[in-house]
Amino acid sequence: MLIDSHCHLDAPEFDADRSQVLHDARAAGVVGVVIPGYVASRWSALLALTAAHDRVTPEAPQLWPALGLHPVHLAQHADDDLQQLDAWLTRCPQVVAVGEIGLDRFLPELTTPAAWARQQSLFEQQLQLATRHGKPVIIHARRCHAEIVRSLKRTGFARGGILHAFSGSIEEAQAYVRLGFRLGFGGPLTYPQARRLREAVQALPLHSLVLETDAPDLVPAPWRDRHGDGRPRQPGERVRNSPAYLPAVFETLCQLRPEPVPELRQALRDNVCSALGLRSVGGG
Ligand SMILES: [Zn+2]
């Protein structure tokens with residue numbers, strides 16, 4: 001009984017077989033999935049998707065929406081998207097968080113002075129919106145932990161949330177924990193060469209860890225060479241990640257932590273629920 005704290009199930013990659021993916025995830029023991037939005041044009045479809053699955057059933061996990069403007073999609077964001085976000089947050093109490101928001105210093109086109117200034121402005125305005133609506137945030141951060149922490153402090157953001165797909169040092173992780181954040185770990189943790197990530201999972205307090213897939217991206221190691229239907233991956237092909245693969249991340253985490261498996265399962269679920277103010281689901 002696990003919760004996937006970060007999965008882009010609304011992405012077009014799942015259009016052809018979304019119900020089957022949900023069914024497979026539930027069969028794998030995933031009782032809830034948080035779906036962060038990334039561009040305004042897809043928010044209403046995301047809300048429709050989560051409304052269709054507003055509780056856990058034998059066929060599908062419960063789905064929770066978050067809405068945000070993702071830094072990687074900077075070129076698609078319009079100036080009035082922030083007003084739209086404000087309006088959706090007012091109208092839709094089922095939106096659990098503002099996300100996916102953040103900063104990205106990995107892609108060169110996002111680091112020109114103009115693009116960087118726009119990233120920071122959108123990020124900080126969304127932090128302020130989250131504060132105004134009393135919502136936690138789901139943050140994307142690549143190669144810019146110091147800048148993220150600076151924005152959190154500059155805006156006085158105090159509601160916490162999840163720093164997703166964490167990849168950084170133990171010190172950077174601890175800075176987020178002090179600011180009230182949980183850290184999301186997914187597919188990259190399952191690769192034996194991810195030494196720094198594995199050390200972070202061992203060093204951090206259990207209450208600061210949450211599981212995620214970030215599907216359709218970041219496929220876990222056991223699934224990297226075959227597609228969901230069993231076909232072997234051909235050179236150059238990409239394997240689609242799935243919320244049904246979350247147990248592979250959980251198993252790796254269990255090998256790294258000293259606590260008994262049932263305690264870990266319960267804590268990881270509770271951590272997402274308290275980070276995002278979710279009703280606990282699924283029992284057991
Ligand atoms: Zn994401």
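Where is the place of Pro216? I looked it up: Pro216 sits in the loop between β8 and α8. I note at the outset that I am working from a predicted model.

**Entry 1**

Ala215 and Pro216 are joined by a cis peptide bond, with omega about 10°. I placed Glu100 in strand β4.

Next I looked at Arg143. Its phi is positive, about 60°, although Arg143 is not a glycine. I found Arg143 in the loop between β5 (137-142) and α5.

**Entry 2: the zinc ion**

Which protein donors does the zinc ion have? I listed His6 (NE2), His8 (NE2), Glu100 (OE) and Asp214 (OD). They lie 2.0 to 2.8 Å from the zinc ion. I wrote down the spacing along the chain as H-x1-H-x91-E-x113-D. Glu100 is in strand β4 (residues 97-104), and Asp214 is in the loop between β8 (209-211) and α8 (246-256), so this pair ties together parts that are 114 residues apart in sequence.

I also went over the angles. Among the four donor atoms they run from 84 to 171°, and the site is irregular. A tetrahedral site would need all angles between 85 and 135 degrees.

**Entry 3: α3 against α4**

I moved on to helix packing. Helix α3 (residues 81-91) packs with α4 at an angle of about 20°, and their axes are 11 Å apart. Angles under 35 degrees count as roughly parallel. The two helices α3 and α4 are therefore roughly parallel to each other. Their crossing is right-handed.

I listed the residues that meet. From α3 they are Leu82, Leu85, Asp86, Leu89 and Thr90; from α4 they are Leu122, Gln125, Gln126, Leu129, Arg132 and His133. By class I wrote five nonpolar, four polar and two charged for this contact.

**Entry 4: α4 against α5**

At what angle do the axes of α4 and α5 cross? I read roughly 45° for helix α4 (residues 113-133) and helix α5 (residues 145-154), with the axes coming within 10 Å. That makes α4 oblique to α5. I recorded a right-handed crossing here.

On the α4 side I found Trp116, Gln120, Phe123, Glu124 and Leu127. They meet Glu147, Ile148, Ser151, Leu152 and Arg154 of α5. I sorted the contact of α4 with α5 into five nonpolar, two polar and three charged residues.

**Entry 5: α8 against α9**

I finished with α8 and helix α9 (residues 261-276). Their axes come within 10 Å and cross at roughly 125°. The helices α8 and α9 are therefore oblique to each other. I logged this crossing as right-handed.

Which residues make the contact? I found Phe250, Leu253 and Cys254 on α8, and Val261, Leu264, Arg265 and Leu268 on α9. By class, the contact of α8 with α9 has six nonpolar residues, no polar ones and one charged residue.

Definitions and conventions:
Residues numbered from 1 in each chain as written. Predicted model: local features only at pLDDT ≥ 70, side-chain atom pairs only at ≥ 80, totals over all residues. Heavy atoms only, no water. Axes fitted to C-alpha atoms, helices over the stretch in contact; angles between N-to-C directions. Helix = DSSP H or I, 4+ residues; strand = E, 2+ residues; numbered from the N terminus. Parallel < 35°, antiparallel > 145°, perpendicular 65-115°, else oblique. Left-handed = near helix turned anticlockwise from the far one by under 90°. Contact = heavy atoms within 4.5 Å. Nonpolar A, V, L, I, M, F, W, Y, C, P; charged D, E, K, R; others polar. Donors = N, O, S within 2.8 Å, 3.2 Å for Na, K, Ca; no water. Tetrahedral: all angles 85-135°; square planar, octahedral: opposite > 155°, others 65-115°.
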